[in-house]
Amino acid sequence: MTDNEVNTALRKQILKQLTEQNIIVPVIAGYQSKKAGRENRFVMFFNAVEGGHGWQGRRYNPIGDNANHVEVQKAEKTIQVQGFYDDSSDLTALDLTATVRMIVNSLPFVEALKKSGVGIQRAGVVRTPFFENDRGDYEMNPSFDFNVTFDRSIKPKTPVIRVITHQIKQI
């Protein structure tokens, strides 16, 4: 599974379940290559850390001269989610972020991602730091982290070995 496949599955399910809660906001990846301006209300997620777990598995399915070699590694990635919501409505940025955290921990979210090949580990606590925004106002920037697991794979070109010969030589 690729990074984009994992992020697409996460975004799709967060959007779906926010809509079910009557919260209509953009859900965007925080590492977009083009800046599109600032939204007043949105959910943003970032890839924070990724590591492999266990040994990299190998399997072969020889056909002709091709070993059909596949190596698989269980990957665990930490995702950080942030919520922004202007305080001119009944919701705050903390309300939005806490709702997304509950969505990530919900059974429908976990089951939908499992069908996509992505495992979800429980979301952590919501942090609530403040920062000075582009208008000079202090704005809450709540966020939380959760881990996802998935399989990464590569297919090295490996030829099939047909004959092995050995020689014993005297020393």
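The crossing of helix 1 and helix 2 is right-handed, a term used when the near helix is turned clockwise from the far one by less than a right angle. The structure is a predicted model, in which local features need pLDDT of at least 70 and side-chain atom pairs count only at pLDDT 80 or more, while totals for chains, interfaces and linings use all residues. Residues are numbered from 1 along each chain as its sequence is written, and side-chain values use heavy atoms, with hydrogens and water left out.

The axes of helix 1 and helix 2 (residues 93–105), which are lines fitted to C-alpha atoms over the stretch in contact, come within 10 Å and cross at roughly 115 degrees. The two helices are therefore roughly perpendicular to each other, a description that covers angles of 65 to 115 degrees.

Within helix 1, Val6, Asn7, Ala9, Leu10, Gln13, Ile14, Gln17 and Leu18 are buried, that is, under 20% relative accessible area with a 1.4 Å probe. These residues cover an arc of only 160 degrees around the axis, which puts them on the same side of helix 1. On the other side of helix 1, Asn4, Thr8 and Lys12 are exposed, meaning over 50% relative accessible area. Just after this helix, asparagine 22 takes a positive phi of about 60 degrees.

An open sheet of five strands shows mixed pairing and the order 1-2-3-7-4, where two strands pair if DSSP finds at least two bridges between them. Its edge strands, each pairing on one side only, are strand 1 (27–29) and strand 4 (119–120). Strand 3 (residues 70–85) runs antiparallel to strand 7 (residues 143–154), to which 12 bridges join it, and lysine 74 stands opposite aspartate 151 in strand 7.

Note on methods:
Helix = DSSP H or I, 4+ residues; strand = E, 2+ residues; numbered from the N terminus. Arc of directions from axis to C-beta. Axes fitted to C-alpha atoms, helices over the stretch in contact; angles between N-to-C directions. Parallel < 35°, antiparallel > 145°, perpendicular 65-115°, else oblique.
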